[in-house]
Amino acid sequence: MRTAQLQKFSIRKTILLYSILMVTCDLFLRVVQYSCRNMMSADNLAIIFSPTLLQSPHTDPVKAIASGMLEQRAIVKLIENYPIIFDH
């Protein structure tokens with residue numbers, strides 16, 4: 001019984017996180033569409049939000065910085081490919 005409850009919770013959590021990511025990427029894409037006015041390109045948004053959205057597992061500063069660059073690229077790709085990834 002407990003396993004079934006955990007599976008339901010896991011599925012709901014996954015759906016919720018997917019929905020949050022979709023809405024966040026949609027917002028980022030809208031901001032990027034006005035980058036000529038607000039100076040917020042996909043790269044700039046990724047620099048700001050990647051540490052929060054994709055926290056580095058590394059405690060070593062050098063590894064954390066290297067990992068951060070990959071995390072930033074991942075956020076940029078999510079923003080740039082939002083319509084394809086989320087079918088919009």
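**View 1. Overall dimensions of the predicted model.** The protein has a radius of gyration of 16 Å, whereas a compact globule of 88 residues would have one near 12 Å. The radius is taken over C-alpha atoms, and the globule rule is 2.2 Å times the number of residues to the power 0.38. Along the principal axes, the C-alpha atoms fill a box of roughly 55 × 40 × 20 Å. This is a predicted model: local features need pLDDT of at least 70, side-chain atom pairs count only at pLDDT 80 or more, and totals for chains, interfaces and linings use all residues. Residues are numbered from 1 along each chain as its sequence is written, and side-chain values use heavy atoms, with hydrogens and water left out.

**View 2. Helices of the protein.** The protein has five helices and zero strands. Helices (H or I, at least four residues) and strands (E, at least two) are DSSP runs, numbered from the N terminus.

**View 3. The largest nonpolar core.** Twelve residues form this core: Cys25, Phe28, Leu29, Ala42, Leu45, Ala46, Ile75, Val76, Leu78, Ile79, Tyr82 and Phe86. A nonpolar core is a set of buried Ala, Val, Leu, Ile, Met, Phe, Trp, Tyr and Cys residues joined through side-chain atoms within 4.5 Å. Buried means under 20% relative accessible area (1.4 Å probe, protein chains only). At least two core residues come from each of α1 (2–33), α3 (42–53) and α4 (61–80). The largest share, four residues, belongs to α4. Of the 88 residues of the protein, 18% count as buried.

**View 4. Surroundings of Phe28.** Phe28 touches Leu45, Phe49, Leu53 and Ile79, not counting residues up to four places away in sequence. Contact means heavy atoms within 4.5 Å.

Key: Buried means under 20% relative accessible area, exposed over 50%, partly exposed in between (1.4 Å probe, protein chains only).
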